[in-house]
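Here are a few exercises to work through with the model open beside you. Try each task before you read its solution.

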Amino acid sequence: MKIGLPRALLYYRYGDFWRRFLTELGAEVVLSRKTDRVLVQDGVTRVPGEVCLPIKIVAGHLAELAGRVDAVFFPRLVWQEDRLYGCPKMIGIVDIARMMYGSAPRLIAPAIKGGLFWPHFRAGLEVNPNPAAVLRAWRRSASLLRRTEVEPSLPEGERRVALIGHFYNIGDDYIADALVRAFVDRGYRIVTKEELPRRVLRSRTGFAGKIRWTYERELYNAFMYLKQRVDGVCVVISMGCGPDSLVAELMREEAERQGLPFLQLVIDEHTGTAGLVTRIEAFVDLSRRRVRAAA
Ligand code: SF4
C-alpha cells in the first residue's frame, strides 16, 4: 500500500517516527515535495483566506498527494498530557482534508488524545491487520519519539539569537531558510526551542501553567529559558494566529522589561524575503550596539 505523508505541520516533529512506523508495517511511504511557491498558492485556494500560513501550506501538501497514493496518514492532535490542546485550526484541517479527498485517497487520521500509543496502534491496524506486526512496528520506531533531556551548550562569548517559532514554521525551509541565513551570515548562532529539553518546554512554572495550548506553552517556556542566555530574540508568528499573537505579546513585554532586543516577524503567503532580511539587519545592528554599550 502506498501511504502519503504531508511534509507539513506535525510532520516536523513526528515525521521520522511516522516514516519508520509505516515502513515497518509494510507500507511504501510517499512524502509530499518540499514546500515551494506553487504549492503554497495551491493551498491558499483550498482553505478560507483568514487562516494562518501553516494551514494553507498543509492544504497544498494534501493536494499534492492526491492521486499519487492509496491513503494519506494525517494524525490529528487534540490534546496531550496535562490536557494541553492543539489549536482549533490544526484539529479542523483534518475535516478539510476529508472534504478535499472525498472517498480517495483514504484518510488515516487517528485522533491523539493523551498518549501516542493507542491512536497509532489502531491506525496501524488500518495498514496491517496483524496486531503483532503493529506492536513490532511500534517497538522498532518508538525510539524516534524520544526528545533530548540535555540542555544545549551555550558557551560564553558566542553571539546568539533565540529564534522562537513553531517547529512547523522554523523547520520548513520555505518559511525559515532566509531568516536563518540572515542571522548566520552575520555571525550569529541560532538557538531554537527544538534544542531544549522536554522538561523545560513542558514546565508549568509561573504563567506557563495557565497556557493550555501545547505548542504555545513550548514557545513561552523556550523564551523564558533563553532570554538570559542570548543577545536577542526573534519571534516568528503567523498572521491570523490568535494564540501566537497573545504569547508573543507576553514575550515582548518581558523582553522590554529586561532590555533585550526583540524582533517580531509576522509571516503570511505574501511575506517577501527582502523585507524580512532588512528588518533582521536593523535588529542585529541594535543588538550589537547594546552589547558594545554594556561592555
Ligand atoms: S497555532 Fe497558530 S500558526 Fe499554528 S496552526 Fe494554529 S493558528 Fe496556525
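A polar contact is a pair of N or O atoms within 3.5 Å; within protein, one must be able to donate a hydrogen and the other to accept it, and residues adjacent in sequence count only if both atoms are side-chain atoms. The model is predicted, so local features need pLDDT of at least 70, side-chain atom pairs count only at pLDDT 80 or more, and totals for chains, interfaces and linings use all residues. Residues are numbered from 1 along each chain as its sequence is written, and side-chain values use heavy atoms, leaving out hydrogens and water.

**Exercise 1.** Find what the side chain of Asn 130 reaches at the start of H6.

*Solution.* Begin with the helix, a DSSP run of H or I with at least four residues, numbered from the N terminus. Then look at Asn 130: one of its side-chain oxygens comes to within 2.9 Å of the backbone nitrogen of Ala 132.

**Exercise 2.** Which residues of H6 are buried, and what do they pack against?

*Solution.* Buried means under 20% relative accessible area (1.4 Å probe, protein chains only). In H6 (residues 131-141) that gives Ala 133, Val 134, Ala 137, Trp 138 and Ser 141. They lie on the same side of H6, because their arc around the axis, taken from the directions to the C-beta atoms, is only 140 degrees. Next, search for contacts (heavy atoms within 4.5 Å): the partners are helix H1 (11-24) and helix H5 (117-127).

**Exercise 3.** Where does the ligand lie relative to the domains?

*Solution.* Take the domain bounds, which come from an automatic or database domain assignment: domain 1 (2-145) and domain 2 (160-294). Both give residues to the shell around the ligand, so the ligand lies between them.

Note on methods:
Buried < 20%, exposed > 50% of the residue type's maximum accessible area, 1.4 Å probe, protein only. Helix = DSSP H or I, 4+ residues; strand = E, 2+ residues; numbered from the N terminus.
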